[in-house]
Amino acid sequence: RLNDEFALSPDLRNNIKVLLWDNSPDPICFESGAKGLFEYKHSKANLGVSGAYNGAMAYAIECGYEWMLLLDQDTEIKAGFLRTMMHHWRDLDKQCEIAAIAPTVFVRGFVVSPRQQLFNHHRPYPAGQIGVAPGEAFAINSGCLVRVAALDEIGGFSADFWLDYSDMYVFHQFYLHGKKIWRAADAELEHDMSIMDYDRLMTPSRYRNFSYAESAFNDMYKGPIENAVQTMRIFVRAIRQRRKYRNPEFSRIAWEQLIYRLRVPRAERMARWFVESKKRNAALAAGEDETGGAVLQ
């Protein structure tokens, strides 16, 4: 699809540099001449999406690029998307308070991004409204056009949230730093999300990682009442998952998470989360194959 976009608008190639980041164990061997169409980076260690995006941020800073468009492999862009996003970044280039430009992202007809963060839940913004998103806004990584300087100002993506909740962390930091999110409602994407398709895309190991990342994010950035509501939500989730999904392991993981939150105090949960994160990062630095999510007991 990127090639289609470039073919329809050749001038896009003069304004957009494509960086392909590879987290797989072995580098890809391309046909002769293929690599001239993009820049290719292979990571010796799987640092997750946070590591990939931080690597891309460092590359953008080195090359002097001011904006960075994030695209995951499971995102399908629509015709005209790149040109529409380019118009937005040109219009907003001097408005330094705008940290990110967020298109409307659909998963099977459901708007998953951007959304407004409210008390212990979130909701989509009114359809079609272009402009600064009111309140605390968050968006999924893929499809977002991020101002490199703003991302650098908040310290980039977090190694603690290396996979799940990486986007929630970044957009919450933007909010805490007084940055704004621009709704590019005239740009749309289709995306696949494992969290919305347990039977086809989600695996128990991925769900366990998501579950503990969700818990850690709530422990760090939500108040006592919101955390209590979150614990009750997990109880309801465990029951629903047993009834709804073929694999009973998802429900068992939810029960595991519920018991963990009931038995372990909040401060200790956060301490354990950071310890596990340090272990994983140390293993990666040592060249060990450590790509699974943390298991906290």
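Start by selecting strand E7 (residues 115-118) and strand E8 (residues 121-124). The two run antiparallel and are joined by four bridges. Strands here are DSSP E runs of at least two residues, and helices are H or I runs of at least four, both numbered from the N terminus. Two strands pair if DSSP finds at least two bridges between them.

This is a predicted model, in which local features need pLDDT of at least 70, side-chain atom pairs count only at pLDDT 80 or more, and totals for chains, interfaces and linings use all residues. Residues are numbered from 1 along each chain as its sequence is written, and side-chain values use heavy atoms, with hydrogens and water left out.

**Stop 1: the hairpin**

Pick Leu118. Its bridge partner in E8 is His121. Now step to the turn. Two residues sit between the strands of this hairpin. Select Asn120: its phi is positive, near 60°.

**Stop 2: Gln116**

Go back into E7 and select Gln116. Is Gln116 buried or exposed? Gln116 counts as buried, because its relative accessibility is 14%. The cut-offs are under 20% relative accessible area for buried, over 50% for exposed, and partly exposed in between (1.4 Å probe, protein chains only). Show its contacts next (heavy atoms within 4.5 Å). Leaving out residues up to four places away in sequence, Gln116 touches His121, His122, Arg123, Tyr125, Pro134, Gly135 and Glu136.

**Stop 3: Lys179 and Glu153**

Turn to the salt bridges (a side-chain nitrogen of Lys or Arg within 4 Å of a carboxyl oxygen of Asp or Glu). The count comes to 16. Select Lys179 and Glu153, whose side chains meet in one of them at 3.1 Å, N to O. Lys179 lies in the loop between helix H5 (166-176) and strand E12 (180-191), and Glu153 in helix H4 (residues 148-153), so the pair ties together parts 26 residues apart in sequence. Lys179 is buried at 17% relative accessibility. Glu153 is partly exposed at 45%.

**Stop 4: Arg261 and Asp219**

Next, select Arg261 and Asp219. Their salt bridge spans 3.5 Å, N to O. Which parts does this pair tie together? Arg261 is in helix H8 (residues 249-263) and Asp219 in helix H6 (residues 204-221), so the link joins parts 42 residues apart in sequence. Both Arg261 and Asp219 are buried.

**Stop 5: a network**

Finish with Arg108, Asp192, Asp197 and Arg200. Salt bridges that share partners join these residues into one network. Zoom in on Asp192 and Arg200, whose side chains meet at 3.6 Å, N to O. Asp192 is partly exposed at 27% relative accessibility, while Arg200 is exposed at 53%.
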